[in-house]
Structures are given as C-alpha cells and as structure tokens.
Amino acid sequence: MIGIGFSGPKVSLEKLPGWEPESWGWHGDDGNTFCCQMTGKRFGPTFTTGDVVGCGINFITGSAFFTKNGVHLGNAFRDLKDINVYPSVGMKRPHAQLTVNFGQSPFIFDIDDMIKREREAISEAVMSTDISSLHSHVDENAFLKELVAQYFAHDGFVETAKAFADEVVAESRALEHDTDVSHSNDRIEEDLDATNRQRK
C-alpha cells in the first residue's frame, strides 16, 4: 500500500499522506484521494509496482493534480491557499523500495508543456480583457504602460517606475511625437509621489 501527496511540517510521518490535518494524498490500493482525514474520495485509477506516479501543485490556481505513467489525471484538490507543504510518500509494506524524482531527471509527465499552456491561457485572458470602460481618456497601449508604472510604484520599485516612465516618454516622443505624453508622465509622477507619502 503506497500513498503520495504533500503534507505540512507538523504532520506525523507514521501515517499515509492525507490521513491527518494539513496532509493531502492519493492512495494506490483504492485510487482514492484523502484530504486531511481518514475518509477518502473516489478519484482515479489504482497504482502499484512498476507504475510511475506524480503529484503537482499549481499555486496560481490553488489546485493539486496527480499523474500516472505520464498521464494527467485531473485536479484532485482545490482551494489550496497559503499552504506550506512538502512532498510526501507513505508505504505500509515492510522493506518496500521506491525511487523519487524531484527534477534531477526529466519527468515522464510533460510538466513544461503544462506550464506553457497555463501561461498562454493567462496571457490570453489578460489580452482579451476589455479595459475601454476603465480609462476612456487614453488609448489601450498608453493605459497598459501607465498600469505597469503604477504597479512598480505600488510595490515599492520607485526607481524602476521612474526609469520606466522616462523610457515610455522618450519612446513616445521619438515614434509618435505625441503631445499628450507629458500628461501621461505627470500622472505617473503623481502616483509615485502619492506612494512615497504613504510609505513615510
């Protein structure tokens, strides 16, 4: 009997993953998943000797998934927010042996392709977002640049925000000879000043 998953730092090492609070697991004998308790939930296939199984967490979506022999089995857990966990493997059979791969060798499951598709989906969602109603006084390109500058300023990257604003102004003047550039830069400078005042 083998279980794989992830657990918090205070979880006992004497039980299979998923059987205790702050522990999540998928068990090979019945294919069930266990979420912080002894009662399991039907999830997927069983696994045994010779199978290659994997577990991953998408910290952006707060979901966890399992794989078997390179096949993604779907999300097993959701709403995983603000967790501090470690990979966990449990075995009930004496003298059982297994091999683990934490990235030192290529995974059978194509995790790189999954990451690529996730990034493309996020990018598509961002680019398809309609922002026309947010700032009608500037075009979309100018608004996005202003938004980036505000992000830098808000998160404390003041010098980066100033450098970015200067670059935007220089680029706009060189390519478009835009008379409204100074006004956009004034808004960014105002955001920087407001952020600095809040941090004092």
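User: In this predicted model, does Trp 19 count as buried or exposed, and at what relative accessibility?
Analyst: The structure is a predicted model. Buried means under 20% relative accessible area. Trp 19 therefore counts as buried, with a relative accessibility of 17%.

User: Which residue forms an edge-to-face aromatic pair with Trp 19?
Analyst: The structure holds 11 aromatic pairs. In one of them, which includes Trp 19, the rings lie 6.3 Å centre to centre with 85° between the planes. This pair links distant parts of the chain, from the loop between β1 and β2 to strand β3. The partner of Trp 19 is Phe 34.

User: What is the relative accessibility of Phe 34?
Analyst: Phe 34 lies in strand β3, 15 residues from Trp 19. Since buried means under 20% relative accessible area, Phe 34 counts as buried at 5%.

User: How many residues apart in sequence are the parts tied together by the pair of Phe 43 and Phe 66?
Analyst: The ring centres of Phe 43 and Phe 66 are 5.9 Å apart and their planes stand at 70°, so the pair is edge-to-face. Phe 43 lies in the loop between β4 and β5, whereas Phe 66 belongs to strand β6. The parts that this pair ties together are therefore separated in sequence by 23 residues.

User: Which residues do ring pairs link into a cluster?
Analyst: Phe 43 and Phe 66 form an edge-to-face pair, and both belong to the cluster.

User: What is the relative accessibility of His 27?
Analyst: His 27 is found in strand β2. Leaving aside neighbours within four places in sequence, His 27 is in contact with residues including Trp 19, Phe 34 and Phe 47. His 27 counts as buried, at a relative accessibility of 0%.

User: With which residue does the side chain of Ser 23 make a polar contact of 3.0 Å?
Analyst: Ser 23 lies in strand β2 and counts as buried at 1% relative accessibility. Not counting residues up to four places away in sequence, Ser 23 touches Phe 6, Ser 7 and Val 11, among others. The 3.0 Å polar contact joins the side chain of Ser 23 to that of Ser 7.

User: How many disulfides are counted?
Analyst: The cysteine sulfur nearest to that of Cys 35 belongs to Cys 36, 4.1 Å away. A disulfide requires sulfur atoms within 2.5 Å, and Cys 36 is likewise in no disulfide. Cys 35 is partly exposed at 37%, as is Cys 36 at 27%. The count of disulfides is 0.

Note on methods: Residues are numbered from 1 along each chain as its sequence is written. This is a predicted model: local features need pLDDT of at least 70, side-chain atom pairs count only at pLDDT 80 or more; totals for chains, interfaces and linings use all residues. Side-chain values use heavy atoms; hydrogens and water are left out. Buried means under 20% relative accessible area, exposed over 50%, partly exposed in between (1.4 Å probe, protein chains only). Helices (H or I, at least four residues) and strands (E, at least two) are DSSP runs, numbered from the N terminus. Contact means heavy atoms within 4.5 Å. Rings of Phe, Tyr and Trp (its six-membered ring) pair if their centres lie within 6.5 Å; planes under 30 degrees apart count as stacked, over 60 as edge-to-face and the rest as tilted. A polar contact is a pair of N or O atoms within 3.5 Å; within protein, one must be able to donate a hydrogen and the other to accept it, and residues adjacent in sequence count only if both atoms are side-chain atoms.
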